[in-house]
Amino acid sequence: RQGFFEVAHQGTLFLDEIGEMPLSTQAKVLRVLESGEFSPLGSSEIRRVDVRLIAATNRDLERAVREGTFRQDLYYRLNAVRIHLPPLRERPEDIPVLVEYFAARICERLGITFEGIAPEALELLQRYPWPGNVRELRNVVETLLTLERGAYITAEMVQRYLQRAAPGESGEAVPVERAIVAVGRARNEPALPAAFDTTLLY
């Protein structure tokens, strides 16, 4: 069975939540980035790959480096191009576009028609602080469309479903921002970001 790097050869590999990666795995990723080489699990064979790596995290990696939970050499090797994505609460102007985007995809999957959303409903969504960030917005839109079967979304509906939303029930901190911290290449070449689907950032 091929691994992720091998499958992504001459393409792009996206690693989400790289800040949660164990130190032992970080060492293996660093080796691939530095040399472009890896050994398949259970084999001594050396294989070469050419992969552009994009990674995202909600964690403060500089702090993780200081605390010894993230390798400093990997951090600097990854951090060739950095893109900071502010939390949703700081960019409410994006909410109408995101609602339309999520609604189109959800309705296509469910086989229903989206009849639209009232301006007052959008205003409520834009005023909400979104502690769960874009993922929480997507969840609210999906819940609204699924239970209301694509009906015209009113402010009353939004208020009802926002009250039901309970991000962070598990007691864990809910991420409020994301950052692409890695646009590296699995060879000793300069790293330049290729065009990629920005929905990966959400």
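I took two strands as paired if DSSP finds at least two bridges between them, with strands (E, at least two residues) and helices (H or I, at least four) being DSSP runs numbered from the N terminus. The model is predicted, and local features need pLDDT of at least 70, side-chain atom pairs count only at pLDDT 80 or more, and totals for chains, interfaces and linings use all residues. Residues are numbered from 1 along each chain as its sequence is written, and side-chain values use heavy atoms, with hydrogens and water left out.

Strand S4. I looked up its pairing and found that five bridges join strand S1 (residues 11–15) to S4, the two running parallel; Phe 14 has Ile 54 as its bridge partner in S4. For burial I used under 20% relative accessible area as buried and over 50% as exposed, with partly exposed in between (1.4 Å probe, protein chains only). Seven of the seven residues of S4 are buried: Val 51, Leu 53, Ala 55 and Thr 57 point one way, while Arg 52, Ile 54 and Ala 56 point the other.

Thr 57. I placed this residue in S4 (residues 51–57), and it counts as buried because its relative accessibility is 2%. Its side chain reaches the backbone nitrogen of Arg 59 at 3.0 Å.

Helix H5. I noted as buried Ile 95, Leu 98, Val 99, Phe 102, Ala 103, Ile 106 and Cys 107.

Definitions and conventions
Polar contact = N/O pair within 3.5 Å; in protein donor to acceptor, adjacent residues only side chain to side chain.
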